[in-house]
Amino acid sequence: MLKRLGVVVFIAAGLSALVAGLVAFASAGRVEAVPAFARQYDLQCNACHTRPPRLNRFGEQFHMMGFQIPSAAQPGGIVTSVREDGVVKTLIDSVALRVEGGLFEYTASPQETEAKFVPPDEITLFVARPLLPELSIFVEIEGEPNAVAFENGRYFNKGEFGLGKEAFFMLNLGRLLGLLGAPTMEMGGQTMVGKHGGFSMHGPMLMAGKVDPSTNFSYATNRQLIAPTELEVAQGEVERLPVVPYAFASKFFGLFKNSDEGEPQLVTDQVMYNTAGAPGADFHAMFNDVVLGQIGFLRENEGFNTYAAARFDLLDRSELTFNVSVLVNWGFGVVRAPNPEDPNQPGNRLDRLRYGIAANVRWKQLDVYGAVIWDRLYGVPGALRGTFDGTATGLTMQADYLVHEKLMLSSRFDQLWAGGLKDEKRDGSVLSVQAKFYPWQNIAFFVRDSVNLRSVVEDSPLRNWRNQLFVGIDWDF
Amino acid sequence: MRAKLFTSLAIGALGLLVGLWLICPPATRANGDKHEEKGGHAHVPAPLEYADAHVPLAVWTDPAMIARGKEIYTVKCAVCHGDTGDGKGPAGVVLPLKPSDFRDKAGVAEMRDNYWFWRVSDGGQVEPFKGKGSAMPSWKSELSVEDRWAVMAYQHTYSGHDGPHVPWEHPESVAMGRDIFVMACVPCHGVVGKGDGSVGPMLAPRRAPQPRDFTSAEFKFRSTPSGQLPMTADLFRTMTEGVRSGGGPMTIGLRGHRIMPSFQHMPVEQRLEVLEYVKSLNRGFWERGAVKTVTVPAPPTLTPERLTRGKQLYTDAECLACHGERGRGDGLSAPTLKDNRDLPIAATDLTRPERFKTGSRPEDVYRTLMTGLAGTPMPSYGDALEPDQAWDLVYYVLSLSNNRRRTSEAVR
């Protein structure tokens, strides 16, 4: 088996080198080979990212302020850009393409060992641009060759194309509050509420459309250097669940998303944060550069979520930063319980309380972040009492270390104390390690290994594997 | 149905808010205070030509200077500002814009020394004061610099403040700059400007360049002689243009992209406010004496002879030891170069002028040659080269560019 693994790694490394060579040949000398915002602001990718896609402190400020350089928004917005740069350059600078995902996968389990070449998981076209100093748009148009669809009670692979996880506009409401009588400050084209030397509030920013509030949290699941793996299906059934940050997963076995199709809510489905795309609205504001407050609502399945979160930037000294976030989320009728008569059919709608805490420490080249999230379901039918666990917890901890400017090592531990139907539920513990090699700022090749730390359970798609090795690419251009 | 409702609501809200944005112009001032209502004494930042006019610290408490100032004040200022500095002198009470009340502690504390010096020097003959109807005369032709300092020191006594009138005594004078600094600069330069924000180590791990430590005496991009602090205009230029990436293995294919953003869209007065805060982190700006800056003479005409002489100078001045014979940054010494923080530093690839940190215009290259880059192995040639020789070398350096057309355009 080791010999086979060696061959596989050798092939993967050769393939990576080939692709790297082709990319090098294709990119040399091209100014345009960077994503939209880097082109718009003529900045290196690393000005905002520790390494793409994770944001550094400056990138977080940039995102928080609606994709504008803090205090330095283009006063004329897109009109001036078109006038100064022309339509073509403005258009080119407004779009970016991201190719992300596997080139090669190797999965080992006591029952079966599988090695295969795979196409990239996601190809995303970004359209992103500030339109006015206080209004920006961000749209992801996503193609997923390996997407899994659920129809007529069965899972199957079906390529998908359409709006991605995020498609929203972001508007700075500071001026609106000024109209209502609040004191305002004009800072680089962006209106802030407050008074210099006293109370200050950046924003509030309204983000509406398909939004993901995750970015402002201490653990930004949508900015993961260790990407979620793909759901694998066979013969209409789930064969293997993806490895995701379990803290933000749905965590319950036996739930359903809806009643019409009876689609299961998988235990690893990301809910609230980093979802497949939820319409909603989000308000966030930074108070005195210490507390970031966030409230909003999102649709989820047949119901909707309301949430409130706060991030406290507690320390920023000598290359050391530390922040803590708290989250409370109430989902109104967001999932369906299993029908007590037939657990394979959806029953009544349930409310979900989610709360949690996350923290992030950055010190020199080390970036450590983690989150514990508790979920509790309300409205579980009395007939399920005794067979259904209405509480679940997830823990995710990650450390990224920039060994060299071309090499980022990451490690993540995911722990799931699952809830749901007691005869189905399984806890999970996964350790993932990854080396991501950046020949250029906008291109990365990664080798990643995820290890199931628990005993293998053959009939559990959460734990029917021992080891998964991935070689992949993450290319923004 | 629900999706349509969401879409309609979102479009409606967006339309409403954009409409509000368009019909309500932004505030014209950044500080949110009400000085406009208190006699039009907006404490706007001093213009660049006055930005370095800081008053020596000893002046504010020197009895001799205060006495000298009192004599001048009594003759020239009291008629409007009053014998007690309350702005109610016999001529002042009839003026449309009331003279300043120097007893107003808070108002005086917000005035920076260079602003004060500018007001005494140019009076109300410049904007924004002229437009507000200020009758304050310009005193720069009648009073020497020391006389103006003396008057300011005397006026300052009315406020009741005993120490020097400097930002670290009056943090409110740089509050606006501080707020912008926190938002835009802290991630890299750190909370107290020591260059120790959390971004630097990830930007270029264990190598130069790292974000500038504003509290130290080392500033790379200057028009001042080697070892001296920069002028405010130098800081302003860096802030406006940003800092381009000097190369390194990460930047292949990303020509000319900045490692520090350009803040060109930040209004000029706000950039100056930030710089006043940045300077307040380093007392050296107040403790230095008169500074002689390197002036960039008008570029001469480019001729083949100049290039020939420049090539010889390139060898004689040992540029090739670091930058290499063809200017690719691959000289024999290049792999061993370190900066003053003992971090490895790359020799600039002169064939890629779009990566020159301070810009690739001939005057930028000239300035870099004559001042050097403090804290790096790049020395100053200010004492070694005559201006004409420096131009020869500038033209030769620019001729090494891979993009000759661009270079010849820059030279023209």
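## Around G195(B)

G195(B) is partly exposed: 18 other C-beta atoms lie within 10 Å. (Buried means 20 or more other C-beta atoms within 10 Å of the residue's own, exposed means 12 or fewer, and partly exposed lies in between; C-beta atoms are placed from the backbone.) G195(B) sits in the loop between helix 9 (186–189) and helix 10 (200–203) of chain B. Helices (H or I, at least four residues) and strands (E, at least two) are DSSP runs, numbered from the N terminus.

Beyond four places in sequence, the contacts of G195(B) include H189(B), G190(B) and G200(B). Q210(B), P211(B), R212(B) and D213(B) are also among them. A contact here means C-beta atoms, placed from the backbone, within 7 Å. R212(B) is 17 residues away along the chain, yet its C-alpha atom is 4.9 Å from that of G195(B).

## Model and confidence

This is a predicted model; local features need pLDDT of at least 70, side-chain atom pairs count only at pLDDT 80 or more, and totals for chains, interfaces and linings use all residues. Residues are numbered from 1 along each chain as its sequence is written, while chains are lettered from A and ligands numbered from 1 in the order in which they are written.

The predictor gives the complex an ipTM of 0.86 and a pTM of 0.88. Chain B averages a pLDDT of 87, and 85% of its residues score at least 70. (pLDDT is the predictor's confidence in each residue, from 0 to 100.) Residues 25–39 of chain B stay under 50; the model has 28 contacts for them beyond four places in sequence. Residues 248–253 of chain B are also below 50, with 18 contacts beyond near neighbours in sequence.

## Chain A overall

Chain A has five helices and 30 strands. Its radius of gyration is 23 Å, close to the 23 Å that the globule rule gives for 477 residues, so chain A is as compact as a globular protein of that length. (The radius is taken over C-alpha atoms; the rule is 2.2 Å times the number of residues to the power 0.38.)

Along the principal axes, the C-alpha trace of chain A spans about 60 × 55 × 45 Å. Of the 477 residues in chain A, 52% count as buried. Among contacts in chain A with a separation of 6 or more, 61% link residues 24 or more positions apart.

## Hairpins in chain A

Strand 3 (residues 95–108) and strand 4 (residues 113–117) of chain A pair antiparallel over five bridges. Pairing requires at least two bridges found by DSSP between the strands. Four residues link strand 3 to strand 4 in this chain A hairpin. F104(A) has F117(A), in strand 4, as its bridge partner.

Strand 7 (residues 148–151) and strand 8 (residues 154–157) of chain A run antiparallel, joined by four bridges. F150(A) stands opposite Y155(A) of strand 8. Two residues separate strands 7 and 8 of chain A in their hairpin, and N152(A) in the turn has a positive phi of about 50°.

## A three-stranded sheet

One open sheet of chain A has three strands in the order 15-27-24, with mixed pairing. Strand 15 (252–253) and strand 24 (388–389) of chain A are at the edges, each with a single partner strand, so one side of each has no neighbour in the sheet. Strand 15 runs parallel to strand 27 (residues 419–421) of chain A, with two bridges between them. F253(A) has G420(A), in strand 27, as its bridge partner.

Technical notes: Two residues are in contact if their C-beta atoms, placed from the backbone, lie within 7 Å.
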